[in-house]
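Please open the structure in your viewer and keep the sequence panel beside it. The tour below moves from the whole chain to single residues, and each stop says what to select next.

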Amino acid sequence: MTDEDFYEKVVDKEEYKEFSKAKLNVREKTSFKDVNALQKKYHIPSSLEGNGFQPDRQFYLFISVSQDGKSEIDAIDDAENERLITHHNN
């Protein structure tokens, strides 16, 4: 499933919803081993450590930054079991 399809069909909008007039919206499918690098790329504090996941396990990373840049929300979902792993709001 593409990152767009996953966001539209699976993501619980009560837990994660992009800002309507966001400065930045990111929807990316990645492997566990690359999640922290992507978070660093978008200046999001790293939130996943070992957690027992295989390095090549697939995840979806979602990030939304408000238009003024003062608020940010991010979520990481496990692609295999379609389960939210973690999310943060600032």
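**The whole chain**

Begin with the protein chain as a whole: among its contacts between residues at least 6 apart in sequence, 51% join residues at least 24 apart, where contact means heavy atoms within 4.5 Å. What you see is a predicted model, in which local features need pLDDT of at least 70 and side-chain atom pairs count only at pLDDT 80 or more, while totals for chains, interfaces and linings use all residues. Residues are numbered from 1 along each chain as its sequence is written, and side-chain values use heavy atoms, with hydrogens and water left out.

Along its principal axes, the C-alpha trace spans about 35 × 25 × 20 Å.

**The sheet**

Now select the four strands, which form an open sheet in the order β1-β2-β3-β4 with antiparallel pairing; two strands pair if DSSP finds at least two bridges between them. The edge strands, each pairing on one side only, are β1 (24-31) and β4 (83-89). On average, neighbouring strands of this sheet are turned by 10° against each other, direction ignored; axes are lines fitted to C-alpha atoms, for helices over the stretch in contact, and angles run from 0 to 180 degrees between N-to-C directions.

Next, colour helix α2 (residues 32-41), which packs on the sheet and touches β1, β2 and β3 (72-78), its direction making about 155° with that of β1.

Then move to β3 and β4, which pair in the antiparallel sense over six bridges, with L84 in β4 as the bridge partner of D77.

**The nonpolar cores**

Which residues make up the largest nonpolar core? Select V26, F32, V35, L38, Y42, I44, F53, F59, L61, I63, V65 and I76, the 12 residues of this core. A nonpolar core is a set of buried Ala, Val, Leu, Ile, Met, Phe, Trp, Tyr and Cys residues joined through side-chain atoms within 4.5 Å, and buried means under 20% relative accessible area, with exposed over 50% and partly exposed in between (1.4 Å probe, protein chains only). The elements that give two or more residues to this core are α2 and β2, and the largest share, four residues, comes from β2. A second, separate core has nine residues, among them Y7, Y16, F62 and A79. Of the 90 residues of the protein chain, 39% count as buried.

**Stops in the loops**

Select E18, found in the loop between α1 (3-9) and β1. Is E18 buried or exposed? With a relative accessible area of 15%, E18 is buried. Show its side chain together with that of R27, and you will find a polar contact of 2.9 Å joining them; such a contact is a pair of N or O atoms within 3.5 Å, and within protein one must be able to donate a hydrogen and the other to accept it, while residues adjacent in sequence count only if both atoms are side-chain atoms. Leaving aside neighbours within four places in sequence, E18 is in contact with Y7, N25, R27 and S64.

Go on to H43, in the loop between α2 and β2. H43 is exposed, with a relative accessible area of 72%, and its phi is near 60°, a positive value in a residue other than glycine.

Finish at E82, in the loop between β3 and β4. E82 has a positive phi of about 50° although it is not a glycine, and at 43% relative accessibility this residue counts as partly exposed.
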